[in-house]
Amino acid sequence: MGLAALVGGGLLLLLSRRRRRPRPTLPPAPVHPAPEAIEGLEYTPDLALWLVGRGGRRQPLAAPLDAPFDLGQLARVPHLSGLRLAHEAGGLRVLRVPTDLEVSQGTRLLQGGEVVRPGTLLGLAVAHPARSPHPPLGSLVGLGLPLSLHADGVSLRLSGPYGEHAVTLSPGLVDLGTLLGAPALEGLRVTVSGPRVLLATVPAGLTLRRTADGAELRPGTYLPPETRLEW
């Protein structure tokens, strides 16, 4: 009886340990990257959008049909940020073309306000080498691009396609690049003003746009709930 009880107790202990053993977690699903070296945007007759990469590689783009969108932000291609488009009854309207980006239809360069008809292939090319597709983000590099800045009272949150980082501001002038260890944000200074965050300075080469309508933010204005960062 004593031996049987001992063996039975050992089996119960082994089973209980197996039950408590945590199940292995599945790895996160891989992020499907955009085609490298984006060279074009195809607007098909069925109103779909496709990114066209070098060698003719194509990837569908899930663009909203009822709201303007930033192509760089939607496609997660930093050097296309600032190119804003919108679907409308007659086709695809080009709302804004950044000064350092060339959008072409054949041999003709498109400007803001023009409408692209379905069945058109647009060429996309950086017009000047000054634009850096990979700004030095330092400690924030793991967030990915594009980056958005979210303001909630005196708390700020930077978010990218792969993560986010939150920080609570102290009174006084704060350089976000120094605070976060991100060289690309050096010179971006904010300060707490009552219950909100006031934009103090914006460094050259960086543009802040209100995500809701694409309006550029200038020093002396309060940060909206969400701001898009463009280099």
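The following paragraphs lead the reader through the structure shown above, from its overall make-up to individual strands and side chains. The model is a predicted one, and every value given below was computed from it.

The whole protein comes first. Its secondary structure comprises three helices and 18 strands. Of its 231 residues, 39% are buried. Among the contacts with a separation of 6 or more, 38% are between residues 24 or more positions apart.

Strand 2, residues 49-53, and strand 3 run antiparallel and are joined by four bridges. Which residues of strand 3 lie on its covered face, and which on its uncovered one? In this strand, residues 58-61, Gln59 and Leu61 belong to the covered face, whereas Arg58 and Pro60 belong to the uncovered face.

Arg58 also takes part in an interaction through its side chain. In general, side chains of opposite charge can pair when their charged atoms come close. Arg58 forms such a salt bridge with Glu42, and the closest N and O atoms are 3.0 Å apart. Because Arg58 lies in strand 3 and Glu42 in strand 1 (residues 38-43), the pair ties together parts that are 16 residues apart in sequence. Both partners are partly exposed: the relative accessible area is 42% for Arg58 and 24% for Glu42.

Thr120 is found in strand 10, which covers residues 120-126. Is Thr120 buried or exposed? Its relative accessible area is 9%, so Thr120 is buried. A polar atom of the Thr120 side chain lies 2.6 Å from the backbone oxygen of Arg117. When neighbours within four places in sequence are left aside, Thr120 is in contact with Leu41, Glu42, Tyr43 and Gln105.

Three strands form it in the order 14-15-16, with antiparallel pairing. Strand 14 (173-175) and strand 16 (196-201) stand at the edges with a single partner strand each, so one side of each has no neighbour in the sheet. On average, neighbouring strands of this sheet are turned by 35° against each other, direction ignored. Strand 14 is joined to strand 15, residues 189-193, by three bridges, and these two strands run antiparallel. Within this pairing, Val174 stands opposite Val190 of strand 15.

Arg189 and Asp175 form a salt bridge whose closest N and O atoms are 3.6 Å apart. This pair links distant parts of the chain, with Arg189 in strand 15 and Asp175 in strand 14, 14 residues apart. The two partners fall into separate categories of accessibility. Arg189 counts as partly exposed at 32% relative accessibility. Asp175, at 15%, is under the 20% limit and therefore counts as buried.

Further salt bridges are present, and the count for the model comes to 10. Another of them joins the side chains of Arg157 and Glu164, with an N to O distance of 3.0 Å. Here Arg157 is partly exposed, with a relative accessible area of 30%, while Glu164 counts as exposed at 52%.

The last stop is Arg209, which lies in strand 17, residues 207-210. Although an arginine side chain is involved, Arg209 counts as buried, at 6% relative accessibility. What lies around Arg209, apart from residues up to four places away in sequence? Arg209 touches Arg96, Gly214, Ala215, Glu216, Glu226, Thr227, Arg228 and Glu230. A polar atom of the Arg209 side chain lies 3.2 Å from the backbone oxygen of Gly214. Arg209 also belongs to a network: salt bridges that share partners join Asp70, Arg209, Arg228 and Glu230.

Conventions. Residues are numbered from 1 along each chain as its sequence is written. This is a predicted model: local features need pLDDT of at least 70, side-chain atom pairs count only at pLDDT 80 or more; totals for chains, interfaces and linings use all residues. Side-chain values use heavy atoms; hydrogens and water are left out. Buried means under 20% relative accessible area, exposed over 50%, partly exposed in between (1.4 Å probe, protein chains only). Two strands pair if DSSP finds at least two bridges between them. Axes are lines fitted to C-alpha atoms, for helices over the stretch in contact, and angles run from 0 to 180 degrees between N-to-C directions. Contact means heavy atoms within 4.5 Å. A polar contact is a pair of N or O atoms within 3.5 Å; within protein, one must be able to donate a hydrogen and the other to accept it, and residues adjacent in sequence count only if both atoms are side-chain atoms. A salt bridge is a side-chain nitrogen of Lys or Arg within 4 Å of a carboxyl oxygen of Asp or Glu.
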